[in-house]
Every structure is written in structure tokens, then in C-alpha cells.
Amino acid sequence: MRASCRVARWGRKVLEILLAGGWALAPILICSAIALAIVLERCWTLRRKSVLPPGLGDEVRQWARSGQLDPKHVEALANGSPLGELLAAALTVRRQSREIIKERIEDTGRHVVHRMERYLNTLGTIALIGPLLGLFGTVIGLIRMFMDVMAGGIGDPAKMAGGIGEALICTAAGLTVAIPAYVLHRYFRSRVTGYRIEMEKQATALLDDLTLTPSPAAAPVRPRRAPVPTAPSAG
């Protein structure tokens with residue numbers, strides 16, 4: 001019972017603080033909601049087992065060595081994970097030269113990394129504009145305070161306290177949103193970079209298997225003997 005009463009009092013205090021922040025606090029609250037949605041979505045999407053399924057690279061290389069590949073198999077691999085999409089791109093042109101396979105891997109890798117970095121620019125923008133929105137709210141609060149002082153003089157401290165409180169609340173709210181957004185933006189960027197390096201390793205290993213390992217079904221080609229010249233017959 002006491003815990004519920006404390007939570008209720010804390011909720012009322014938070015509501016009072018938000019209301020005291022004025023209308024300048026609304027953009028900061030919107031940015032905080034967007035940042036929270038991006039963080040939750042990226043945490044779910046960038047799970048390691050969904051980006052780099054364990055053992056997938058070794059399994060795909062084993063398929064390539066044994067020749068157990070068909071279009072449906074490759075399509076299912078491409079739709080399974082970002083790493084699977086990258087390896088499937090190499091398997092699609094596996095009969096081409098090494099340069100063509102490598103170019104296809106690089107092109108597909110750029111698209112895969114771009115999708116993994118989705119919404120991160122928005123999160124970085126929120127981290128950048130959060131303090132600016134807080135500063136904007138601070139300026140609005142100070143302007144309100146000076147307008148109240150000009151209208152009624154300095155005899156009413158409550159009017160000055162309201163403007164100062166609005167300014168400080170907006171500043172604190174902007175920093176509260178910007179600091180976690182910046183930290184998480186850097187964290188997701190580093191995670192994507194680590195995934196990209198690991199996918200490059202797996203793709204390079206598959207490229208070597210496709211181009212440097214001789215196919216077991218290919219029969220060795222024997223060199224043709226040069227014809228032995230015969231001496232001209234005496235006429």
C-alpha cells in the first residue's frame with residue numbers, strides 16, 4: 001500500500017514538472033518517444049543470432065563443396081538473415097569468375113549494411129537537437145520571466161520563479177533525451193561495424209571455396225602430346 005502511494009506521489013510530481021515546462025517541452029517529449037521506439041526496434045533487429053546465425057557460414061560452405069544447391073535453397077538462405085543474404089548473393093553467381101563474385105558480394109553487402117543502419121541517422125539527429133531544444137525552452141522561459149517582470153515589476157517572486165523553473169526544466173529534459181540517444185547511437189554503430197567485419201570474413205571464406213577449391217566433379221584434363229615429326233621419305 002505504501003509503495004503504491006509513493007508511486008502515485010512520484011507520478012504526480014513528474015506530471016507537475018512536465019506541466020511546468022510549458023509548451024516548449026512538447027518537442028522534447030516527441031523526440032524522446034521517437035528515440036525510445038528506435039532503440040527498441042534496433043535492439044530487436046540487431047540481435048546477433050538474427051544477423052549472424054551460429055554455424056551458418058560453415059554450413060553454406062559445406063553445401064557449396066557438396067553441390068547441394070538449388071534455386072529454392074538459395075532463396076530461403078537469402079530470406080533468412082543478413083549473413084544468409086550476403087552468402088546467397090555469392091552462390092547465385094558461383095559459376096562466374098572470382099571478380100564477378102566479389103563484385104556481387106560487395107554490392108549486396110552495401111545494401112545489407114544500409115538496412116542494418118536504418119533509423120540510426122534519426123537517432124543521431126535526436127541526440128544532436130536535444131540540447132538545442134532544451135536551450136530553446138530555456139530562452140522561452142527567460143523571455144516569459146522578463147515579460148512578467150516588465151508587466152508587474154519584481155514585487156512578485158512567484159512570477160520570476162515560474163520562468164526560471166520553465167527554463168531549467170526544458171534544459172534538463174533536453175539533456176536527458178540527448179545523452180542516452182547519443183550513447184545508444186554510438187553503440188548501435190559499433191555493433192553494425194562488428195557485424196560487417198564478421199560478414200566480410202564469412203563471405204571471403206565462401207569466395208575462396210568457390211574459386212580456389214577445384215570442383216570434385218571436374219575430371220582432370222590430360223595434356224595432349226605433340227605429334228612426333230616424321231622424316232621425309234627418300235624420293
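What follows is a set of questions and answers on a predicted model.

Me: Which element gives the largest share of the largest nonpolar core?
Reply: This core has 44 residues. The elements that give two or more residues to it are α2, α4, α5, α6, α7, α8 and α9. Twelve residues, the largest share, come from α9.

Me: Which residues have the most contacts inside that core?
Reply: In soluble globular proteins, nonpolar side chains tend to be buried together. Here the largest such core counts 44 residues. Those with the most contacts inside it are Val60, Leu77, Leu91 and Met116.

Me: What does Val60 touch, not counting residues up to four places away in sequence?
Reply: Val60 is one of the buried residues of α4. With sequence neighbours up to four places away left out, its partners are Leu77, Leu87, Leu91 and Leu206.

Me: Within what arc do the buried residues of α4 fall?
Reply: The buried residues of α4 are Leu56, Gly57, Val60, Arg61 and Trp63. Seen down the helix axis, they line one face, because their arc is 155 degrees.

Me: Is Arg61 buried or exposed?
Reply: Arg61 is found in α4. Neighbours within four places aside, Arg61 is in contact with Gln202, Ala205, Leu206 and Asp209. Its relative accessible area is 12%. The cut-off for buried is under 20%, so Arg61 is buried.

Me: Which side chain makes a polar contact with the side chain of Arg42?
Reply: Arg42 sits in helix α2. At 1% relative accessibility, Arg42 counts as buried. At 2.6 Å, its side chain makes a polar contact with the side chain of Glu41.

Me: How far is the backbone oxygen of Arg115 from a polar atom of the Arg42 side chain?
Reply: Arg42 touches Arg115, among other residues including Met116, Tyr119 and Phe188. The distance from the Arg115 backbone oxygen to a polar atom of the Arg42 side chain is 3.4 Å.

Me: How many disulfides does a search of the whole structure find?
Reply: A disulfide is a covalent bond between the sulfur atoms of two cysteines. Cys31 is buried, at 13% relative accessible area. Cys170 is buried too, at 0%. The number of disulfides found in the whole structure is zero.

Conventions: Residues numbered from 1 in each chain as written. Predicted model: local features only at pLDDT ≥ 70, side-chain atom pairs only at ≥ 80, totals over all residues. Heavy atoms only, no water. Core = buried A, V, L, I, M, F, W, Y, C linked by side-chain atoms within 4.5 Å. Buried < 20%, exposed > 50% of the residue type's maximum accessible area, 1.4 Å probe, protein only. Helix = DSSP H or I, 4+ residues; strand = E, 2+ residues; numbered from the N terminus. Contact = heavy atoms within 4.5 Å. Disulfide = S-S within 2.5 Å. Arc of directions from axis to C-beta. Polar contact = N/O pair within 3.5 Å; in protein donor to acceptor, adjacent residues only side chain to side chain.
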